[in-house]
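Take a look at the sequence and the 3D view below. This report walks through a few features of the model.

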Amino acid sequence: MTNAAPAKVAVLISGRGSNMQALAAAQGDAYRLALVASDRPEAPGLAWADRQGIATFARSPKGTGKAAFEQALDTALHDAGAEWIALAGYMRLLSDTFVARWRGRIINIHPSLLPKYKGLDTHARAIAAGDEVAGCSVHVVTEELDAGAVLAQAEVPILAGDTPDMLAARVLIEEHRLYPAALKEFVRT
Ligand code: GRF
């Protein structure tokens, strides 16, 4: 039992935001979503968050550039009182400066069993390699892509005849279970 207030978490998305929705559904005593932010104003997940009454931030780095974008994002995060950041399908690399500012307070979900298959096309690469098991990882974000400490993983068997899309759909189900549980643990640290 703890009397501590729920941790304030911001979620960064670029697209549909199904992991963000799973994080929203698991809000409670451990954490609340203080902000959903996106580098793509048209991201479907943003509209969903807005409909739930969650504060949103939307801005494209195109035009002003990455530094101005991240400065505006940082301001929005502070204005929302965010203490932690969860990346959920956020498709842009955060700068070293931004990561340093939030060091140890950013996590990400990645659709592979890290350290295998950092970067993109994880499911196609796992199938092509003849792996029997795929999965997802929640890890701390550092300056190096998908390389920070792994906090939690879930395994998903690769089945005969699996296409990347079929495998991705089964891994995504596990992502939606794993990410809220890992976030709850992480914000207790
Ligand atoms: C997920 O597979 C996540 O692991 C990866 O990007 C995808 C985002 O999906 N980083 P969604 O936007 O959360 O639905």
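A salt bridge is a side-chain nitrogen of Lys or Arg within 4 Å of a carboxyl oxygen of Asp or Glu. The structure holds eight salt bridges. Keep in mind that this is a predicted model.

Asp39 pairs with Arg92 in a salt bridge. Their closest N and O atoms are 2.9 Å apart. Where do the two residues lie? Asp39 is in the loop between β2 (31–38) and α2 (44–51). Arg92 is in the loop between β4 (84–87) and α4 (96–101). The pair therefore ties together parts that are 53 residues apart in sequence.

**The ligand and its surroundings**

Now turn to the ligand. The space it takes is the largest pocket. Which residues are around the ligand? They are Arg16, Gly17, Ser18, Asn19, Gly89, Ile109, Pro111 and Glu175. This shell divides into two nonpolar, four polar and two charged residues.

| Residue | Protein atom | Ligand atom | Distance |
|---|---|---|---|
| Arg16 | polar side-chain atom | oxygen | 2.4 Å |
| Ile109 | backbone N or O atom | nitrogen | 3.1 Å |
| Glu175 | polar side-chain atom | oxygen | 2.7 Å |

How much of the ligand does the protein cover? On its own, the ligand has 360 Å² of accessible area. The protein covers 84% of that area.

**Backbone details in one loop**

Next comes the backbone. Most residues other than glycine have a negative phi, and most peptide bonds are trans. The loop between β5 (106–110) and α5 (122–128) contains Pro115. The peptide bond from Leu114 to Pro115 is cis, with omega near 15°. Tyr117 is found in the loop between β5 and α5 as well. Is the phi of Tyr117 positive or negative? Phi is positive there, near 55°, and Tyr117 is a residue other than glycine.

Methods: Residues are numbered from 1 along each chain as its sequence is written. This is a predicted model: local features need pLDDT of at least 70, side-chain atom pairs count only at pLDDT 80 or more; totals for chains, interfaces and linings use all residues. Side-chain values use heavy atoms; hydrogens and water are left out. A residue is near a molecule or strand if one of its heavy atoms lies within 4 Å of it. A polar contact is a pair of N or O atoms within 3.5 Å; within protein, one must be able to donate a hydrogen and the other to accept it, and residues adjacent in sequence count only if both atoms are side-chain atoms. Accessible areas come from the Shrake-Rupley method with a 1.4 Å probe; for residues, only the protein chains shown count as cover. On a 1 Å grid over the protein atoms alone, a cavity is a set of points where a 1.4 Å probe fits but cannot get out, and a pocket is an open set with protein on both sides within 12 Å along at least five of seven lines; lining residues have an atom within 4 Å of a point. A molecule sits in a cavity or pocket if more than half of its atoms lie within 2 Å of its grid points. Ala, Val, Leu, Ile, Met, Phe, Trp, Tyr, Cys and Pro count as nonpolar, Asp, Glu, Lys and Arg as charged, and the others, Gly among them, as polar. Helices (H or I, at least four residues) and strands (E, at least two) are DSSP runs, numbered from the N terminus.
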